[in-house]
Structures are given as structure tokens and as C-alpha cells.
Amino acid sequence: MPSSGLLLSVAGLALLDMLSPAVIATTLYVLLSGARSTARPLLAYLATVAAFYFALGCALVLGLGLVLEPLSGLVSSRPAGWAMAALGALMLIWALFAPTRAAPRRTPPTLRTPAMIALGLATGVLEVGTALPYFGAIALMTTAQLPAAAWLPILAAYNLAMVLPAIVLHLLHRTLGQRLRPRLEHWRAKAESGSREAAAWIVGIAGFLLLRHGLSTADLSEITINLSGGL
């Protein structure tokens, strides 16, 4: 059974992934499109995004398990720690100095189901590079060596959490209708303009955690003590 600490860590990472600007912006676009029915296209889009990341997560858990088992000693070595620290530092530098120009809007030419499925796949492929919290959760589950009966439900719940804000927005739109439209317009503008900033924040947080873990693995305190003794 997964420990409470592991579940809390995965839940914290899932909270970061719940604020995907691409998913939120697309959801708001569909809700504000004026279409007679928004449930079917939105469900097709969200189901595609969730299915894409769930399949990717399963592949990574199984693949990482096979790769990390013979390399477990190497991963915890001092050179690996310095490599992780260097990667984390580079991610932090990128997050601090990356340009904040908004990414171009990706919207479907139509709300038909095939177009929404295609957009869902495009979202998964184009945003996978910024899904660092998801990769972190997968790494946690892999290193914990959970059986499939334990990590599959966690992974499914994680992917449900990723699209939960979009589902809540749809329910609010159905309940409040046009009264919510000005607020939705405002949120869409924020989501579209803030996509680059959100990516920078996520990369920066993940970089800091990776830097801290790498320095801990490299045992920087021991190196400092040895240098002090030599002086």
C-alpha cells in the first residue's frame, strides 16, 4: 500500500497540474463559442487529454521500472547528484529569464468531435514538455515500487484531477448561463496571456526541487567539511 507521505506528495503535484492554461483556455473557448451543445465537444477534448496522459503515464511507469531497477545505485551516486543539481539550476535560470510572450492560441476550426479529439492530442503532445509535476509523480510511484493495483488508481485519479477544473467550469456554465459569461471572458484572457508565465513557474518549482535533491544526493555538506579540513 502507498504511504500517506507518497499520496500527499502526488496530490500536491496534481494540484499544480490542475492549472493547465491550455486546457482551461480551450474549455473557455468551447463554453463561449455559442454552440447549442458544448458538452459533447468538451467531453471529447477532455477525455482525449486525460487518456493521452494516462497512457503516457502507464508507459513511463512500466518503462522507468525496468530502467531504474538495474540503475538504482547509479541514480543515488554523487555524480548523478551533481548532474541533477546542474539540471535543476538550468531549469531555474530558464524560469527566471525566459521571455513571457504569450504562446499562440490553439483553437479548433470546428467543435465537431474529430476536431476536438485532434486538439486534445495536440494539447498532449505540445504541452508534454511542461508536464514536470506529472513526471515527478510518476518518478515517486516508480521509486516506491508500487504494484500495479496501487499505482493504476493513483494515476487515474491524477489524470481526473488534471481535467477537473474544466469539468467544474462546464457545470458552472450550465448552471449560471449568460450571467457567468463576462467572468468566463475575463478568465479566458488571463489563461491565454498567462500560459508562458505558468509554464515558467512550474519549471522553476520543479528545478528548485531537483536542485535541492541533487545537492542532497551529492552530499555537499561532506564536501564542504573536507575542504574546510584541508584549509
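**The aromatic cluster and its helices**

One aromatic cluster is formed by Phe52, Tyr53, Tyr134 and Tyr158. The model is a predicted one. Over the whole structure, a search finds 3 aromatic pairs. In one of them, the ring centres of Phe52 and Tyr53 lie 5.3 Å apart with the planes at 90°, so this pair is edge-to-face. Phe52 has 24% relative accessibility and therefore counts as partly exposed. Tyr53, at 5% relative accessibility, counts as buried.

Tyr134 and Tyr158 also form an aromatic pair, with 5.1 Å from centre to centre and 45° between the planes, which is a tilted arrangement. This pair links distant parts of the chain, since Tyr134 sits in helix H7 and Tyr158 in helix H8, 24 residues apart. Tyr134 counts as buried because its relative accessibility is 0%. Tyr158 is buried too, its relative accessible area being 4%.

Now the two helices themselves. Helix H7 covers residues 132-143 and helix H8 residues 148-176; their axes come within 11 Å and cross at roughly 165°. The angle is over the cut-off of 145 degrees, so H7 is roughly antiparallel to H8. The crossing of H7 and H8 is right-handed. On the H7 side the contact involves Pro133, Tyr134, Ala137, Ile138 and Met141, which meet Trp151, Ile154, Leu155, Tyr158 and Asn159 of H8. By class, this contact of H7 with H8 has 9 nonpolar residues, 1 polar residue and no charged residues.

Note on methods
Residues numbered from 1 in each chain as written. Predicted model: local features only at pLDDT ≥ 70, side-chain atom pairs only at ≥ 80, totals over all residues. Heavy atoms only, no water. Axes fitted to C-alpha atoms, helices over the stretch in contact; angles between N-to-C directions. Helix = DSSP H or I, 4+ residues; strand = E, 2+ residues; numbered from the N terminus. Parallel < 35°, antiparallel > 145°, perpendicular 65-115°, else oblique. Left-handed = near helix turned anticlockwise from the far one by under 90°. Contact = heavy atoms within 4.5 Å. Nonpolar A, V, L, I, M, F, W, Y, C, P; charged D, E, K, R; others polar. Phe/Tyr/Trp six-rings, centres within 6.5 Å; stacked < 30°, edge-to-face > 60°. Buried < 20%, exposed > 50% of the residue type's maximum accessible area, 1.4 Å probe, protein only.
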